[in-house]
Amino acid sequence: MTMSKTLIRGAKVLGGDVQDVLIDGGTIAEVGTGLSAEGATVIEADGQILLPGLVDLHTHLREPGREDSETVLTGTRAAASGGYTAVFAMANTHPVADTAGVVEQVYRLGKESGYCDVQPIGAVTVGLEGKKLAELGAMHDSAAGVTVFSDDGKCVDDAVIMRRALEYVKAFGGVVAQHAQEPRLTEGAQMNEGVVSAELGLGGWPAVAEESIIARDVLLAEHVGSRVHICHLSTAGSVEIVRWAKSRGIDVTAEVTPHHLLLTDELVRSYNPVYKVNPPLRTEKDVLALREALADGTIDIVATDHAPHPHEDKDCEWAAAAMGMVGLETALSVVQRTMVETGLLDWAGVADRMSFAPARIGRAQGHGRPVSAGEPANLTLVDPAYRGVVDPADFASRSRNTPYEGRELPGRVTHTFLRGRATVVDGKLA
Ligand SMILES: [Zn+2]
């Protein structure tokens with residue numbers, strides 16, 4: 001059997017020196033200058049940025065149950081388009097991914113897709129009901145090898161259940177990813193609680209609803225000596241709590257979404273439900289604090305919270321609309337705009353926040369590895385000079401609920417490689 005060879009010629013590896021990268025089969029064979037192209041397909045990178053394949057710790061693929069909004073196949077195609085080689089699929093499917101059977105089904109569908117590895121996340125509690133621990137051990141021991149557990153969409157608000165979950169996953173190095181939202185403080189909430197919500201007369205979602213749960217959970221993690229991950233952190237106050245927890249040596253990690261790095265609650269004045277999301281868009285002050293925290297490492301990673309919804313669930317009045325935005329295909333561009341072009345992060349920093357660190361937190365095998373000889377060829381080539389207007393008609397996702405329609409964003413993924421095989425070529429799905 002002949003293994004295919006690809007030579008990526010003249011790429012800035014992690015934004016640094018210009019190098020050639022030779023891929024042989026599923027592996028990076030050589031990194032250097034003036035490498036031989038003999039027998040290889042050549043890609044002229046012309047100084048584009050070569051990154052390790054991106055890893056998303058927070059994706060909603062909607063299968064099983066809501067295949068009208070996304071399937072594992074369409075979601076992994078969207079992921080590859082956005083430069084991802086691995087995504088962690090959230091458990092709030094129908095049925096809920098709270099058994100070994102369901103997580104194995106999602107895992108198998110990911111393998112069949114061939115576009116992107118899918119690592120299922122297991123529910124913390126049965127049916128996401130917050131009452132009884134799901135079979136965490138059985139999901140970990142299954143073929144899916146679940147290490148991340150989350151009731152995302154719902155908060156594990158019972159402190160005793162949260163404590164037990166943290167204790168349980170500690171035994172096998174797992175992590176609980178918390179959707180931090182105190183449920184009583186957010187009943188009827190429609191947007192961020194503040195000046196704009198008061199003016200619009202919409203039910204407010206106070207920052208303290210997020211911050212109080214994060215404060216409780218870092219203390220619980222410290223108490224039981226376990227690891228906790230905070231999903232989609234959205235307020236300046238949450239940053240302060242995580243910074244304090246890390247300074248105490250508490251094993252906490254945190255993520256921020258691209259939309260919370262760019263958009264504010266001022267957009268809700270349009271009453272366009274495309275801006276309705278959980279947690280809600282916050283204020284300019286929060287956005288700036290989140291960027292700074294991502295830059296200094298207080299926030300460890302960018303995670304998309306890619307949340308596809310069909311047209312009928314979004315194209316309606318604000319109060320009735322579903323919460324969430326698609327994000328896989330625009331994440332890297334938003335990070336370039338908010339973090340790279342502002343001078344807060346260089347491309348090596350982007351590689352850390354969008355590949356190395358999420359792979360480490362989720363224990364993703366073979367992903368988030370250095371771009372060097374002998375490593376799996378999971379790679380993304382990015383043209384940072386590209387400028388384009390976001391057109392949802394171009395999306396590979398089955399859903400179109402993007403807040404960036406008609407906006408100009410920088411950068412484009414030109415090639416993605418999953419174990420040496422091109423999933424994206426010249427900006428198009430292979
Ligand atoms: Zn969530």
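## Strand S1 and Thr6

Thr6 belongs to strand S1, which covers residues 5-13; helices (H or I, at least four residues) and strands (E, at least two) are DSSP runs, numbered from the N terminus. The model is predicted, so local features need pLDDT of at least 70 and side-chain atom pairs count only at pLDDT 80 or more, while totals for chains, interfaces and linings use all residues. Residues are numbered from 1 along each chain as its sequence is written, and side-chain values use heavy atoms, with hydrogens and water left out.

Thr6 has a relative accessibility of 9% and counts as buried (buried means under 20% relative accessible area, exposed over 50%, partly exposed in between, with a 1.4 Å probe and protein chains only). Apart from neighbours within four places in sequence, Thr6 contacts Val21, Leu22, Ile23, Ala40, Thr41, Ile43 and Phe417, where contact means heavy atoms within 4.5 Å.

## Strand pairing

Five strands form an open sheet in the order S9-S10-S13-S14-S15, with parallel pairing; two strands pair if DSSP finds at least two bridges between them. Strand S9 (148-149) and strand S15 (301-302) each have a single partner strand, so one side of each edge strand has no neighbour in the sheet. Within this sheet, strand S13 (residues 228-230) and strand S14 (residues 252-256) run parallel and are joined by three bridges. His229 has Thr253 of S14 as its bridge partner.

Antiparallel pairing is found elsewhere: four bridges connect strand S5 (residues 49-52) with strand S16 (residues 379-389), and Ile49 is opposite Val382 of S16. S16 also pairs in the antiparallel sense with strand S17 (residues 408-418), over eight bridges, with Thr380 opposite Thr416 of S17.

## Zinc site

Asp152 (OD), His179 (ND1) and His232 (NE2) coordinate the zinc ion at 1.9 to 2.2 Å. Donors are N, O and S atoms within 2.8 Å of the metal (3.2 Å for Na, K and Ca); water is not among the atoms, so sites may look incomplete. Along the chain, the donors follow the spacing D-x26-H-x52-H. Asp152, in the loop between S9 and helix H4 (159-170), and His232, in the loop between S13 and helix H7 (236-247), are 80 residues apart. Asp152 is buried at 4% relative accessibility, and His232 is buried at 2%.

## Helix H2

Helix H2 (residues 100-113) contains 14 residues and spans 20 Å from its first C-alpha to its last, close to the 20 Å expected at 1.5 Å a residue; the expected span is 1.5 Å times one less than the number of residues. Its buried residues are Ala100, Val102, Val103, Val106, Leu109, Gly110 and Ser113. Their cover includes helix H1 (72-81), strand S7 (84-89), strand S8 (117-120) and helix H3 (136-141).

## Salt bridges

The whole structure holds 18 salt bridges, each a side-chain nitrogen of Lys or Arg within 4 Å of a carboxyl oxygen of Asp or Glu. Among them, Glu112 and Arg108 meet at 3.6 Å, N to O. These two residues are four apart in helix H2, which means a separation of about one helical turn. Glu112 is exposed at 54% relative accessible area, whereas Arg108 is partly exposed at 44%.

Another salt bridge joins Asp313 to Arg66, with the closest N and O atoms 3.2 Å apart. This pair links distant parts of the chain, 247 residues apart: Asp313 lies in helix H10 (residues 311-314) and Arg66 in the loop between strand S6 (54-59) and H1. Asp313 is partly exposed at 23% relative accessibility, as is Arg66 at 29%.
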